[in-house]
Amino acid sequence: FFFYVPEFQCFTDESKSNWTICPETEACESKFGFGVLSSRTSLITEYSLYCDRGDIYVWALSFMFYYNAIVAFFISLTVDSLGRKFAMLLSVGLTIVASGLGIVGNSLEIQVFAIANLFVAFDLFYNSSTIWTVESIGGALRHKANSIAYVAYGFGVAGFFVINSYLTSYDTIFWIIFCIATVLLPAGLLFHESPAFLLKQGRISEMYEVISKIARFNGTRFSRPELTASGMKHEHRVDITPFWVKFGKYKWVYACLTVIGANLSMLYSLISLIPQFAGGKSMYVNGVLIAGVEIIGYGLISTFASSWPRKKINLYGTCIFILGGASLFVSAKFWGRTGYILYFELAVCLTITLALCITYGIFYTFAVESFPSSIRGKCLASMVLLERFFCMLSGYFVRKGHLSNINPFSFITLTSIIPLIALLGLRETLGQRLL
């Protein structure tokens, strides 16, 4: 909503008392000038980021992704050095600080900076919690555990659009985030550290203690000799092999996964911008529908994805992106964007969103399972760094689609071709032993 694009009114006479709603391109060339209609304040309305200043919109949005990428990368390095639990607690603490800044900030610029830091906190929590889940829960239940978090995210997005349909001030949203994070911080102290992380750090006694707690919680017992007999004895030494040596064995896997993740992250960033351009009649209704589809998608993952092959699902999803984007482009060029075509666009956007949620939900489990525990955090942190730089394209696609009167999702046909090829070079990880 900070990047909400207003409507434009083209004046039809010199008195400027008569006008019609028109595209931005016509408004900028209007003989009698134009006005701006907006239901809320945004960076675009506040700083007139349209016409010859329109490109600044792309750079303003890109700044958030650049800042997010660089800061989140350096903070995420703590995942492998200080632990998964520490990184999760740090992300919640950063959320409290950033939302508090948004509350006390008395300008749009400060609130945008607060949002950028909330994105940093989100990325840090997403990376560390995904790694923690994969390392703490068996393969048959990993998807279910991760999917519960994704479903909760979908409900959060739906609530965000419902709340924003009634609000004109951003302070309330920051207050909601602040209160939730403040409650979650002490709850996060109840989490245990990842057993795999403790093993790699040589903290064997702590590892046994954590696994014993997990066993007791599940109504069973797991003694120390049984753990040793399961083949873990040889891993009790701290691995001092340099990162770049271990990374060299996985550089091709890393490159392929980064290309795929960059495309998925760019598409996901488009979801937050697309409700205004998805078709239909109301961006708030579109936002709730898109969030509802996210909930359905992640619900499907939590129910069925334990047996779904990671690589094949990503291939299917990427093919849907290509076909969906092409259909949006063709419909806009041949039939325009009016009447029932807008509802067709909305249906295609919802289909793409469903495929994206299923693919995205499986992708990061796929990525985590593709790297050994000792370099897992650094690999994911650097992947996210590169992915966020690619996200700057989402602002460009929104701007280009707005000026060309085509759906921004149309461009994903082109961006999904290389990831489709990259997927062919990866191995399947379903049923494989965690490295």
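I call a residue buried under 20% relative accessible area, exposed over 50%, and partly exposed in between, with a 1.4 Å probe and protein chains only. This is a predicted model, in which local features need pLDDT of at least 70 and side-chain atom pairs count only at pLDDT 80 or more, while totals for chains, interfaces and linings use all residues. Residues are numbered from 1 along each chain as its sequence is written, and side-chain values use heavy atoms, with hydrogens and water left out.

Aromatic pairs. I took rings of Phe, Tyr and Trp (its six-membered ring) as paired if their centres lie within 6.5 Å, with planes under 30 degrees apart counted as stacked, over 60 as edge-to-face and the rest as tilted. The structure holds six such pairs. One of them joins Trp 132 and Phe 191 edge-to-face, at 5.1 Å centre to centre and 70° between the planes. Trp 132 sits in helix 6 (residues 108–136) and Phe 191, 59 residues apart from it, in the loop between helix 8 (171–188) and helix 9 (195–200), so the pair links distant parts of the chain; helices (H or I, at least four residues) and strands (E, at least two) are DSSP runs numbered from the N terminus. Trp 132 is buried at 12% relative accessibility, whereas Phe 191 is partly exposed at 37%.I then looked up Trp 175 and Phe 178, whose ring centres are 5.9 Å apart with planes at 85°, which makes the pair edge-to-face. They are three residues apart in helix 8, about one helical turn.
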